[in-house]
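I opened my notebook to look up a few spots in this structure. Here are my entries.

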Amino acid sequence: MSTITLSLLEWTAVVLNVGFTLCIAYEKRIGWALGFAAGVIGVGLYALAQTWAMASLNVYYVVMAVYGWWSWGKGDTENGIRTQSYWVHAVLVPVGVLVSYAMSILLVQYLNGRFPQLDAFVTVFSFIATWMMARKLIANWVYFIVTDSVAIYLNWRIGYMGYTLLNAMYLVLSVIGLIKWSKLLVKQRVGSLNS
């Protein structure tokens with residue numbers, strides 16, 4: 001594949017991903033369709049870079065885009081922004097670190113993967129954050145803030161400048177998303193008290 005084609009695909013995915021994040025931050029269901037298209041492109045790009053965990057993460061993004069579209073379209077009261085108890089995070093974070101470590105070993109031994117520790121960490125915690133986003137759990141933004149910070153460095157190391165810039169934008173958009181959803185959560189709670 002030519003360098004121009006790769007660059008075009010990467011920048012197309014960047015634009016789609018920015019649209020996805022903005023739509024999700026403002027609770028627009030159409031964002032999941034943009035995420036689906038970006039995920040399909042991402043599978044190929046990361047496979048070409050031999051970052052197999054990131055390629056599998058993009059397969060997961062495609063699947064979660066379908067789930068998110070379905071979940072956000074149900075129209076029931078469960079669709080509001082929600083929180084989790086702190087003990088859930090006290091379990092998720094150490095388990096995520098252990099799974100990342102195990103995955104990095106597999107990436108080296110069986111797939112000759114590049115940047116296995118970074119690849120595994122970003123992948124595992126993005127899996128968790130994306131699942132949280134589809135369930136409208138506000139903590140997804142915090143997980144993405146950490147993950148995007150690491151992903152900036154990973155994509156820079158791969159040489160994907162578009163994705164490096166994308167993750168820097170994601171970092172900013174995740175902070176905006178956290179602020180926006182926090183305000184919406186307050187309104188949601190006030191609304192339920194007044195009902």
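Which residues touch the most other members of the largest nonpolar core? I found Ile24 and Trp32, in a core of 47 residues. A nonpolar core is a set of buried Ala, Val, Leu, Ile, Met, Phe, Trp, Tyr and Cys residues joined through side-chain atoms within 4.5 Å. Buried means under 20% relative accessible area, exposed over 50%, and partly exposed in between (1.4 Å probe, protein chains only).

I noted that the model is predicted: local features need pLDDT of at least 70, side-chain atom pairs count only at pLDDT 80 or more, and totals for chains, interfaces and linings use all residues. Residues are numbered from 1 along each chain as its sequence is written, and side-chain values use heavy atoms, leaving out hydrogens and water.

Helices are DSSP runs (H or I, at least four residues), numbered from the N terminus. H5 gives the most, nine residues.

Then I checked Ile24. Beyond neighbours within four places in sequence, Ile24 is in contact (heavy atoms within 4.5 Å) with Gly31, Trp32, Trp72, Met133, Trp141 and Trp181.

I moved on to Thr51. Thr51 sits in the loop between H2 and H3. Is Thr51 buried or exposed? Thr51 is buried, because its relative accessible area is 0%. Outside four places in sequence, its contacts are Tyr46, Arg114, Phe115, Asp119 and Ile158.

Last, I looked up Leu22. Leu22 lies in helix H1 (residues 3-25). Leu22 is partly exposed, with a relative accessible area of 37%.

Notes: Helix = DSSP H or I, 4+ residues; strand = E, 2+ residues; numbered from the N terminus.
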